[in-house]
Amino acid sequence: MRLRDCHNFHDFRRLARRRLPRPIFDYIDGAADDEVTHRRNTASFERCDLVPNVLRGVEHIDMSVTVLGQKLAMPIYCSPTALQRLFHHTGERAVAAAAAKYGTMFGVSSLGTVSLEELRKAHDTPQVYQFYYHRDRGLNRAMMQRAKEAGVQVMMLTVDSITGGNRERDKRTGFSIPFRLTLAGMYQFGIKPAWGINYLTHERFKLPQLDQHVDMGSGALSISKYFTEMLDPSMNWDDVAEMVRLWNGQFCLKGVMSVADARRAVEIGCTGIVLSNHGGRQLDGSRAPFDQLAEIVDAVGDRIDVIMDGGIQRGTHVLKALSLGAKAVGVGRYYLYPLAAAGQAGVERALDLMRSELERGMKLMGCTAINQLSRENLRFR
Ligand SMILES: Cc1cc2nc3c(=O)[nH]c(=O)nc-3n(C[C@H](O)[C@H](O)[C@H](O)COP(=O)(O)O)c2cc1C
């Protein structure tokens, strides 16, 4: 199977599975506990049908949106994800270049493997910096300052990861940073030598957003210890309000799910919220963002940009979310499998397929601009 044989999310996933050692594939593919929420994220789109309009003159389509003060050529963006150079040696560089080519925004994770400064210099496309809140307030301020100086447009604070999700696939394989592979995990690396050769012959793996704080080489501080020892589980609304004031720009909370929290985000001056359950990787059993979207849009949609992520595999999923009132939609695995499968060419192909699906979908829905989509276009079963 080659890249040109990939026509959708499932094809990319299959190719990624073939290329990656199983522990790495499972890190991307897996989710928390029984992975119920992960499955439901996509299934929730299937409970809702599109109701198209016809004869509307749809020769020219404009799928651009403005969200968090950024103009995007298409209504999806690449949500921040960790450790991308483990999936393909080009990692964030490939994702940023592909996002720039398709005129959309990309996120850089705190656990990213290329520095936010390098990525900022390489492309003009809007960049999100995904932030975790540390016990050390000085460190939080310094990191925000660093992102500001680099020219990052959007600060995105992840609020659904106050403690790590229970990812049982990773426990079975021993996936962690640094690697603590089980025998079975080691065997899985052994049978994919191409990945190992590629990994060893490219630039050393590092976490440049955190390099002064997480020592992976000696194993002094693993990522799991980073979460338990350096991040602050006492983080509360007052702390975040102070961050919002300090940042003084586009500030978004990622992982808000309740109406009460959405209202609070407005009160403290956030400019956006992402309804998200972290792709099902944190609280299993939590509601799918798409199911929660209408309630949140009704409560705060006129005062804050409401965005959602989770489970997006198709252009029609995006159109459903936009019809309910989302301003844009984030994708995670949708671009990670293509990254793993074929680097930048893979991500570009995935974004290209998404753009075609959106264009075709909009034409078949009888709309030429995103703001023509409304709840009139949806029926829930
Ligand atoms: C492998 C992987 C790593 C991720 N790393 C992060 C991260 O470092 N920070 C963060 O806020 N979200 C992270 N996420 C969550 C994504 O940003 C996004 O919320 C989620 O993937 C959306 O679900 P989807 O994969 O079904 O599109 C990660 C997701 C995956 C699959």
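User: Which way do helix 1 and helix 16 cross, left-handed or right-handed?
Analyst: The crossing of helix 1 and helix 16 is right-handed, that is, the near helix is turned clockwise from the far one by less than a right angle. Keep in mind this is a predicted model, where local features need pLDDT of at least 70, side-chain atom pairs count only at pLDDT 80 or more, and totals for chains, interfaces and linings use all residues. Residues are numbered from 1 along each chain as its sequence is written, and side-chain values use heavy atoms, with hydrogens and water left out.
User: At what angle do helix 1 and helix 16 cross?
Analyst: Roughly 155 degrees, with the axes of helix 1 (residues 9-19) and helix 16 coming within 9 Å. Axes are lines fitted to C-alpha atoms over the stretch in contact, and angles run from 0 to 180 degrees between N-to-C directions. Helix 1 and helix 16 are therefore roughly antiparallel (over 145 degrees). Helices here are DSSP runs of H or I, at least four residues, and strands are E runs of at least two, numbered from the N terminus.
User: And what about helix 5, how does that one sit on helix 16?
Analyst: The axes of helix 5 (residues 91-101) and helix 16 (residues 333-365) cross at roughly 20 degrees and come within 8 Å. That's why helix 5 and helix 16 count as roughly parallel (under 35 degrees). Helix 5 passes helix 16 in a left-handed crossing, where the near helix is turned anticlockwise from the far one by less than a right angle.
User: Which residues of helix 5 and helix 16 meet?
Analyst: On helix 5, G91, A94, V95, A97, A98, A99 and K101; on helix 16, Y335, L339, G343, Q344, V347, E348 and L351. Contact means heavy atoms within 4.5 Å.
User: Is helix 5 enclosed or open?
Analyst: Largely enclosed by the rest of the structure, because eight of its eleven residues are buried (under 20% relative accessible area, 1.4 Å probe, protein chains only). What covers the buried residues of helix 5 includes strand 4 (76-78), helix 4 (84-87), strand 5 (106-108), helix 6 (116-122) and helix 16.
User: Switching topic: how many residues are in the largest nonpolar core?
Analyst: It has 123 residues, and L83, F87, F251, I273, L293 and M308 have the most contacts inside it. Such a core is a set of buried Ala, Val, Leu, Ile, Met, Phe, Trp, Tyr and Cys residues joined through side-chain atoms within 4.5 Å. Helix 16 gives the most to this core, with 15 residues.

Methods: Angles under 35 degrees count as roughly parallel, over 145 as roughly antiparallel, 65 to 115 as roughly perpendicular and the rest as oblique. Buried means under 20% relative accessible area, exposed over 50%, partly exposed in between (1.4 Å probe, protein chains only).
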